[in-house]
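Student: I've got a protein model open and I'd like to talk it through. Can we go step by step?

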Amino acid sequence: MKSLTRIAITAGLLGLATTALAQPKPEAYVKERQSALSLMGWYFGPLGAVAKGEKPFNKDEAVRATTFLVQLTKMPWEGFAAGTDKAGNTKARPEIWAKQDDFKKKADAMQAEVAKLAQYASAGDEANFKKQVGAVGGSCKACHDDYRAK
Ligand code: ASC
């Protein structure tokens with residue numbers, strides 16, 4: 001095959017792939033945010049039991065969970081894209097899109113609390129870790145109270 005033809009075909013295929021990736025359906029955004037939030041719950045849940053003393057503090061497990069959480073908590077926000085407020089099966093309240101600044105402020109606050117939790121985990125600081133689990137839970141709740149339907 002002539003190299004120019006090869007380049008043209010490659011460019012065409014890349015163009016198609018980019019178009020498909022650039023415009024997911026609204027339902028896919030809902031799935032993106034629900035998946036990330038669901039994984040956040042999966043990795044945060046057991047830490048609640050640690051904070052309550054129902055499960056012993058284990059530094060390696062705490063580091064693993066919080067390392068995942070630091071990344072996961074960055075993910076759901078792109079799923080709340082414009083035009084996805086009524087898509088799929090969502091508990092997201094329309095206020096998310098009406099009060100974007102406040103929603104972002106609460107999302108950022110939660111990520112900051114999770115980052116602190118990860119620091120206490122790496123330091124093996126059990127007492128502060130347990131206290132910080134409460135702060136993280138509070139930051140989840142702050143957003144759910146205002147922006148998640150019952
Ligand atoms: C979790 C989870 C939430 C939050 C929230 C904190 O583990 O799944 O939605 O914590 O209950 O108030």
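Student: How many helices and how many strands does the protein have?
Tutor: Keep in mind that this is a predicted model. Reading from the N terminus, the elements run α-α-α-α-α-α. The count is therefore six helices and zero strands.

Student: What share of the residues counts as buried?
Tutor: A residue counts as buried when its relative accessible area is under 20%. The protein has 150 residues, and the share that passes this test is 26%.

Student: And of the accessible surface, how much belongs to carbon and sulfur atoms?
Tutor: Start with the total, which comes to about 9600 Å² for the protein. The part belonging to carbon and sulfur atoms is 60%.

Student: How are helix 2 and helix 3 oriented to each other?
Tutor: Helix 3 covers residues 59-72, and its axis lies 10 Å from that of helix 2. The two pack at an angle of about 155 degrees. Angles over 145 degrees count as roughly antiparallel, so helix 2 and helix 3 are roughly antiparallel.

Student: Which class of residue supplies 10 members of that contact?
Tutor: Helix 2 brings A36, L39, M40, Y43, F44 and L47, while helix 3 brings R64, A65, T66, F68, L69 and L72. Sorted by class, there is one polar residue and one charged residue, and the 10 others are nonpolar.

Student: How many charged residues are in the contact of helix 2 with helix 6?
Tutor: From helix 2 come F44, L47, G48, V50 and A51, and from helix 6 come F129, K130, V133, V136 and G137. Seven of these are nonpolar and two are polar.

Student: Which way does helix 2 cross helix 6, left-handed or right-handed?
Tutor: Helix 2 also passes helix 3, in a left-handed crossing. For helix 6, the crossing is left-handed.

Student: Last one: is Q132 buried or exposed?
Tutor: Q132 is found in helix 6. Leaving out residues up to four places away in sequence, Q132 touches E113, K116, L117 and Y120. Its relative accessibility is 7%, so Q132 counts as buried.

Conventions. Residues numbered from 1 in each chain as written. Predicted model: local features only at pLDDT ≥ 70, side-chain atom pairs only at ≥ 80, totals over all residues. Heavy atoms only, no water. Helix = DSSP H or I, 4+ residues; strand = E, 2+ residues; numbered from the N terminus. Buried < 20%, exposed > 50% of the residue type's maximum accessible area, 1.4 Å probe, protein only. Areas by Shrake-Rupley, 256 points an atom, 1.4 Å probe, with all protein chains shown as cover. Left-handed = near helix turned anticlockwise from the far one by under 90°. Contact = heavy atoms within 4.5 Å. Nonpolar A, V, L, I, M, F, W, Y, C, P; charged D, E, K, R; others polar. Axes fitted to C-alpha atoms, helices over the stretch in contact; angles between N-to-C directions. Parallel < 35°, antiparallel > 145°, perpendicular 65-115°, else oblique.
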